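Welcome, and please take a look at the model below. A short tour of a few of its local features comes after it.

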Amino acid sequence: MVKSKIKLQTKKLNVWYGNMHVVKDFTLKIPEKKITAVIGPSGCGKSTFLRSLNRMVELVPGARVSGEILLDGENIYDKDVDETEIRLRIGMVFQKPNPFPKSMYENVAYGLKVRGITEEKKLRLLVEESLKKVGLWEEVRDRLNRSALELSGGQQQRLCIARALAVKPEVILMDEPCSSLDPIATAKIEDLLFELKKDYTIVIVTHNLQQAARVSDYTAFMYAGKLIEHGRTEEIFERPKDKITQDYITGRFG
């Protein structure tokens, strides 16, 4: 079996909000073009960990980070690294769909314009390409100039994923992307994840253990800010090494 290249790696990562130590000495390797799920009880630091991976955590007042996060071997927290460029290379999809109060077209074109693409023909091609990747093109092609807020919750989430994909990121971070969606919309997002991992490295935070087991190649279990266990998903769910992992997976707490 061919060993996957490591796309992202954290080394002794720590995150504080003021005096609150939220992520503690977190060291993890995230393989390229695989789905890594991060699981753990509420308040264990999962979302903070995810936001540290593309420097979004720095937007929180009082946040402080130590340690390293390596993207293709380069530390994204080095002083000469542009955080805006990092956030284009490592896209984020949030828990609740958050389309801009603009047209569907403008939502997807937004990041492309930030990147300096202004030629209308090229923009239209890239918007279409992104919407096709998330299976939304046929559903919205005749109403691209209508408000994105008219879409259903599941469609809005796929639009947000298309918006993230438009700028050609290398990594996609997803923070509970299905928690506000119904089972049918959730199934569409999960099917989409399998397609996307052919081209992207994906890290997904989820409370839904069944979802983690269904979609991910690797699973990392967090507890009280620390990485307790990490490995292939089937091993974590079927043969956990740590008792805390076993107790969480079997529903004894969390």
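This is a predicted model: local features need pLDDT of at least 70, side-chain atom pairs count only at pLDDT 80 or more; totals for chains, interfaces and linings use all residues.

Residues are numbered from 1 along each chain as its sequence is written, and side-chain values use heavy atoms, with hydrogens and water left out.

Let us begin with helix 4 and helix 6, whose axes lie 8 Å apart at an angle of about 130 degrees. The two helices are therefore oblique to each other. Their crossing is right-handed. The residues that meet (contact means heavy atoms within 4.5 Å) are listed here.

| Helix | Residues | Contact residues |
|---|---|---|
| Helix 4 | 120-133 | Ser130, Leu131, Lys133 |
| Helix 6 | 153-166 | Leu159, Ala162, Leu165, Ala166 |

By class, this contact of helix 4 with helix 6 has five nonpolar, one polar and one charged residues.

Helix 3 spans residues 104-114, and its buried residues (under 20% relative accessible area) are Met104, Tyr105, Asn107, Val108, Ala109, Gly111 and Leu112. Their cover includes helix 4, helix 5 and helix 6. Just after helix 3, glycine 116 takes a positive phi of about 95 degrees.

Finally, visit lysine 12, which sits in strand 1 (residues 6-17). Lysine 12 has a relative accessible area of 56% and is therefore exposed, a label for values over 50%. Leaving aside residues up to four places away in sequence, lysine 12 touches Asp25, Phe26, Thr27, Ser66 and Gly67.

Key:
Axes are lines fitted to C-alpha atoms, for helices over the stretch in contact, and angles run from 0 to 180 degrees between N-to-C directions. Helices (H or I, at least four residues) and strands (E, at least two) are DSSP runs, numbered from the N terminus. Angles under 35 degrees count as roughly parallel, over 145 as roughly antiparallel, 65 to 115 as roughly perpendicular and the rest as oblique. A crossing is left-handed if the near helix is turned anticlockwise from the far one by less than a right angle, and right-handed if clockwise. Ala, Val, Leu, Ile, Met, Phe, Trp, Tyr, Cys and Pro count as nonpolar, Asp, Glu, Lys and Arg as charged, and the others, Gly among them, as polar. Buried means under 20% relative accessible area, exposed over 50%, partly exposed in between (1.4 Å probe, protein chains only).
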